[in-house]
Amino acid sequence: MDKVLDSPADAVRDIPDGAVLAVGGFGLCGIPSTLIGALVDGGATGLRVVSNNCGVDDWGLGLLLRAGRIARMTSSYVGENKEFARQYLSGELEVELTPQGTLAERLRAGGAGIPAFFTPAGVGTQVEEGGLPWRYAADGSVETASPPKEVREFGGRRYLLEEAITADFALVRAEVADRHGNCVFHAAARNFNPLCAAAGRITLVEADRIVEPGELAPDAVHLPGVYVDRVVAADPGDRRIERRTVRAAHREA
């Protein structure tokens, strides 16, 4: 089955208001920026996004956030995004902050059909006890707080119950995809992408290069095409580096 569409706009056309999106990437590494750009150009709003972070102020998910199109974020950190912090603290945005490994496992469990699991991460903290601010009121008080989590003991150690995450749509960036949706990721850009892809009921992949079926060695495939519904070509010019650090030029003695 050929899953390649003509444009990113075609791929995101049926994403409705209020949809839950699982979006791959870590910082600006491996983010589906082409699909996000198509969403910005579209009209969907009130989006509930699950992603490790929310891009930066002027790139990635930060573009949707700046446009007021995201209602809720489930993330592990705020990152380099001042607008994310501003909207959260002013009560414009609901934010569920989740330990990074727990977030990854919640997505993996969702893709595997496991409804919940126990983890030691967060035991003895507000993650267990509840009360973490999810949404602030305009006056700075906490309007919505996280609930306490169920705790059980296994082998003399306490664990928290965490629920899996599934999404209406997943947005993913790959280095190479074939027309059947089999994907290969490049190095660290693999990050959350396969997890989001599996957790999405409908998965959209943008790829730097699209090849014909059979061109990818079966053992090289990171994400099987069974998880992928739509493939589009990524914009080759939309890569960014979140923070560039360079060494001063060496001077001859």
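**Cores, pockets and salt bridges**

In this predicted model, the largest nonpolar core has 28 residues, and Ile15, Leu21 and Leu171 have the most contacts inside it. At least two residues of this core come from each of helix 1, strand 1, helix 2, strand 2, helix 3, strand 3, helix 4 (82–89) and strand 10. Helix 2 gives the most, with 4 residues. In soluble globular proteins, nonpolar side chains tend to be buried together.

Leaving aside residues up to four places away in sequence, Ile15 touches Leu21, Leu39, Ala44, Leu47, Phe169, Leu171 and Leu204. Another core lies apart from the largest one; it has 22 residues, among them Ala170, Cys183, Ala199 and Val228.

The largest pocket holds about 380 Å³ of space. Its lining consists of 21 residues, and Glu96, Arg106, Glu163, Ala164 and Ile165 lie nearest its centre. Strand 2 (47–50), strand 3 (70–75) and strand 9 (157–163) are the elements that give two or more residues to this lining. By class, the lining of the largest pocket has 10 nonpolar, 8 charged and 3 polar residues.

The second largest pocket has a volume of about 280 Å³. Of its 18 lining residues, Leu28, Cys29, Gly30, Ala189 and Arg239 are the closest to its centre. Strand 10 supplies the largest share of this lining, 3 residues. The classes here are 9 nonpolar, 6 charged and 3 polar residues.

Side chains of opposite charge can pair when their charged atoms come close. How many salt bridges are found in the whole structure? The search finds 16 salt bridges. One of them pairs Asp2 with Arg179, with the closest N and O atoms 3.0 Å apart. Asp2 lies in the segment before helix 1 and Arg179 in the loop between strand 10 and strand 11 (183–184), so this pair ties together parts that are 177 residues apart in sequence. Asp2 is partly exposed, at 49% relative accessibility, and Arg179 is also partly exposed, at 26%.

A salt bridge also joins the side chains of Glu128 and Arg158, at 2.6 Å from N to O. Because Glu128 lies in helix 6 (residues 126–129) and Arg158 in strand 9, the pair ties together parts that are 30 residues apart in sequence. Glu128 has a relative accessible area of 12% and is therefore buried, whereas Arg158, at 35%, is partly exposed.

Asp208 and Arg173 form a further salt bridge, in which the closest N and O atoms are 2.7 Å apart. Asp208 is in strand 12 and Arg173 in strand 10, so-called distant parts of the chain, 35 residues apart.

Finally, salt bridges that share partners join Arg72, Glu94, Glu96, Arg106 and Arg135 into one network. Two of these residues, Glu96 and Arg106, are also among those nearest the centre of the largest pocket.

Technical notes
Residues are numbered from 1 along each chain as its sequence is written. This is a predicted model: local features need pLDDT of at least 70, side-chain atom pairs count only at pLDDT 80 or more; totals for chains, interfaces and linings use all residues. Side-chain values use heavy atoms; hydrogens and water are left out. On a 1 Å grid over the protein atoms alone, a cavity is a set of points where a 1.4 Å probe fits but cannot get out, and a pocket is an open set with protein on both sides within 12 Å along at least five of seven lines; lining residues have an atom within 4 Å of a point. Grid points are joined across faces, edges and corners, and a volume is the space filled by probe spheres set on the points. Ala, Val, Leu, Ile, Met, Phe, Trp, Tyr, Cys and Pro count as nonpolar, Asp, Glu, Lys and Arg as charged, and the others, Gly among them, as polar. A nonpolar core is a set of buried Ala, Val, Leu, Ile, Met, Phe, Trp, Tyr and Cys residues joined through side-chain atoms within 4.5 Å. Buried means under 20% relative accessible area, exposed over 50%, partly exposed in between (1.4 Å probe, protein chains only). Contact means heavy atoms within 4.5 Å. A salt bridge is a side-chain nitrogen of Lys or Arg within 4 Å of a carboxyl oxygen of Asp or Glu.
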